[in-house]
Amino acid sequence: MQFFMDTANVEEIRQASQMGIISGVTTNPSLIAREGRNLKEVIQEIAGIVNGPISAEAISLEAGPMIEEARVIATWHKNVVVKIPMTAAGLTAVKTLSDEGIKTNVTLIFSTAQALLAASAGATYVSPFVGRLDDIGETGISLIQELSEVFTIQKIPTQIIAASIRNPIHVIEAAKAGAQIATVPYQVLLQLIKHPLTDAGIAKFLKDWEGLKK
Ligand code: E4P
């Protein structure tokens, strides 16, 4: 499974990139707003750090303006993927953009039916939101499992990005369920790195080493 980072914070992306663990980035309007920066500027800065797909979301809600916006976003860098919301207008946009060779990531996917439609329209990626389903008392990972099974049976090339990841268990379960990608916030990435036995092991090795020097 590949790791994408779900953030618009360039410093976090730089740190994770130096560790060699991320192969792409996803952003959304909330994440961009949190940084208080211009979308194009942030996306181009990220593109200078990570050599992989970088999702930037279109804000328009009507198909025509969404397509126009997406065409502009796609010119910012060769690795840019345009994030399109899962609506009827979004599907129309995905169909046109896909015909033009522009990569899309259909976001806010909460059912297998939505993902199948997005794939039919030509989506490069679909982003099912695991955490937000958990938030309303459903099991987000079940969606990844079903989606992955259906895409495999139907030989659908659209890739699954497990999104709205809130903890390391989500990552492992998404990997077991067959998601090709998990997009992960920096804090979850740090949680994945750490293990108390690793820390204890390092402390013990150092203590024993110090003992040898005495
Ligand atoms: C997906 O691409 C979204 O940016 C993101 O995963 C949403 O996560 P949240 O539900 O934690 O806001």
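Modeller: First, a term: a residue is buried if 20 or more other C-beta atoms, placed from the backbone, lie within 10 Å of its own, exposed if 12 or fewer, and partly exposed in between. This is a predicted model, so local features need pLDDT of at least 70 and side-chain atom pairs 80 or more, while totals for chains, interfaces and linings use all residues. Numbering starts from 1 along each chain as its sequence is written.

Biologist: What percentage of the contacts with a separation of 6 or more comes from residues 24 or more positions apart?

Modeller: A contact here has two C-beta atoms, placed from the backbone, within 7 Å. Among contacts in the protein with a separation of 6 or more, the share from residues 24 or more positions apart is 54%.

Biologist: Is Lys-83 buried or exposed?

Modeller: UniProt lists Lys-83 under "active site" in an unreviewed entry, and such annotations may be inferred rather than shown by experiment. Lys-83 sits in strand S4, residues 80–85. Leaving out residues up to four places away in sequence, Lys-83 touches Asn-28, Ser-55, Ala-56, Glu-57, Ala-58, Asn-105 and Thr-107. Because Lys-83 has 23 C-beta neighbours inside 10 Å, it counts as buried.

Biologist: How does Met-19 compare: buried or exposed?

Modeller: You'll find Met-19 in the loop between helix H1 (10–18) and strand S2 (24–26). From its C-alpha to that of Ile-141, 122 residues along the chain, the separation is 27 Å. With 9 C-beta neighbours inside 10 Å, Met-19 counts as exposed.

Biologist: How many C-beta neighbours does Val-126 have inside 10 Å?

Modeller: Val-126 belongs to strand S6, residues 125–128. Beyond four places in sequence, Val-126 has contacts with Val-106, Ile-109, Ala-115, Ala-118, Ala-119, Thr-158 and Ile-160. Phe-205, 79 residues away in sequence, is 45 Å from Val-126, C-alpha to C-alpha. Val-126 counts as buried because its number of C-beta neighbours inside 10 Å is 28.

Biologist: Which residues of H5 and H6 make the contact?

Modeller: Helix H5 (residues 88–99) and helix H6 (residues 112–121) pack at about 30 degrees, with their axes 8 Å apart. The contact is made from H5 by Leu-91, Val-94, Lys-95 and Ser-98, and from H6 by Leu-117, Ala-118 and Ala-121.

Biologist: What is phi of Leu-108 near?

Modeller: Most residues other than glycine have a negative phi. Leu-108 lies in strand S5, residues 104–109, and counts as buried with 20 C-beta neighbours inside 10 Å. Its phi is positive, though, near 65 degrees.

Biologist: Then what is phi of Ser-164 near?

Modeller: Ser-164 is in the loop between strand S7 (159–162) and helix H9 (168–177). Ser-164 counts as buried with 21 C-beta neighbours inside 10 Å. Phi of Ser-164 is positive too, near 55 degrees.

Terms used. Axes fitted to C-alpha atoms, helices over the stretch in contact; angles between N-to-C directions. Helix = DSSP H or I, 4+ residues; strand = E, 2+ residues; numbered from the N terminus.
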